Amino acid sequence: MASLRSARHRSGHRVHRAAVLLTAIVAAVAVLPGVAVAAPAGQQLNAADMTLLNGVRLAGLWEMPAGQMAAEKGQSAKVREIGAAIATEHQELDQLVVDAANKLGASIPTDPTAEQKGWLSEMQNSSGARFDQIFVTRLRVAHGKIFPVIGAVRASTRDATVRKLCDDANRFVMHHMQMLESTGLVRWPELPPAVLPAPGNDGLLAAASANAGPQVGVSSTVVWLVFLAALGTGGLATYRLLRRT
């Protein structure tokens, strides 16, 4: 009878240990990275991705009212037509960037910048041919600034949602530039110069090195010191081995 109780005790003890072990395993699995609830997608965005989201959003916040203003007070029929088209298309693009930001868990602006508000005031206070010129000049320069940003982010982003937004934004911005240029009011010499990477392979290699992270330079003196130290250590080990034999 005593041996039976002992066996039951050992069996119960094993069951208890198994239960404790199972609990510990479940607790450990629960805190493993990637097993718990995934982190918000917005945390995966880098500075370039956020620059695109913010830039596209800000463009819509001021270019929609600018287009509506041009549709109402543009002197030429061409400017009125283009203004209405840009306002309509920016409404569509703005919804796309808002949807993308919501999907990624990112915060984007809700108001134009002080500079953009100044451009709107400038257009509001002008009329006739002067208004047409200001409208075309301001919007063409603004589209020219966001255009290379779209291409750079599209080429490097790791996020599929951002890539899709780049594709959509590129299509809209290209169309808007073409429409603005069709007015014949673009002052080409006044456009800001293009910012290009350094010419030749050196520029590309420099950019690749910058993206690869900091490089640690080692002087020849340090190399020789390490070599001599290793040589001395190896010689001492060889001497001790020969003494034992």
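A: Helices (H or I, at least four residues) and strands (E, at least two) are taken as DSSP runs and numbered from the N terminus. On that basis the protein chain has eight helices and zero strands. The model is predicted, and local features need pLDDT of at least 70, side-chain atom pairs count only at pLDDT 80 or more, and totals for chains, interfaces and linings use all residues. Residues are numbered from 1 along each chain as its sequence is written, and side-chain values use heavy atoms, with hydrogens and water left out.

Buried denotes under 20% relative accessible area, exposed over 50%, and partly exposed in between (1.4 Å probe, protein chains only). Buried residues account for 29% of the 245 residues in the protein chain. A nonpolar core is a set of buried Ala, Val, Leu, Ile, Met, Phe, Trp, Tyr and Cys residues joined through side-chain atoms within 4.5 Å.

The largest nonpolar core holds 21 residues, of which L52, L53, I150 and V162 touch the most other members. Two or more residues are given to this core by each of α2 (47-73), α3, α5 (128-156) and α6 (160-181). Helix α6 supplies the largest share, seven residues. Apart from this core lies another, of 19 residues, which includes W62, I86, M123 and F131.

Contact means heavy atoms within 4.5 Å. Leaving aside residues up to four places away in sequence, L52 touches I150, V153, V162, L165 and C166.

The packing of α2 and α6 can be described through their axes, which are lines fitted to C-alpha atoms, for helices over the stretch in contact, with angles from 0 to 180 degrees between N-to-C directions. The axes of α2 and α6 come within 11 Å and cross at roughly 40°. Angles under 35 degrees count as roughly parallel, over 145 as roughly antiparallel, 65 to 115 as roughly perpendicular and the rest as oblique; α2 and α6 are therefore oblique to each other. On the α2 side the contact is made by D49, L52, L53 and V56, and on the α6 side by V162, L165, C166 and A169.

A second pair is formed by helix α4 (residues 114-124) and α5, whose axes come within 9 Å and cross at roughly 160°. These two helices are therefore roughly antiparallel to each other. Their contact involves W119, E122 and M123 of α4 with F131, I134, F135, R138 and L139 of α5.
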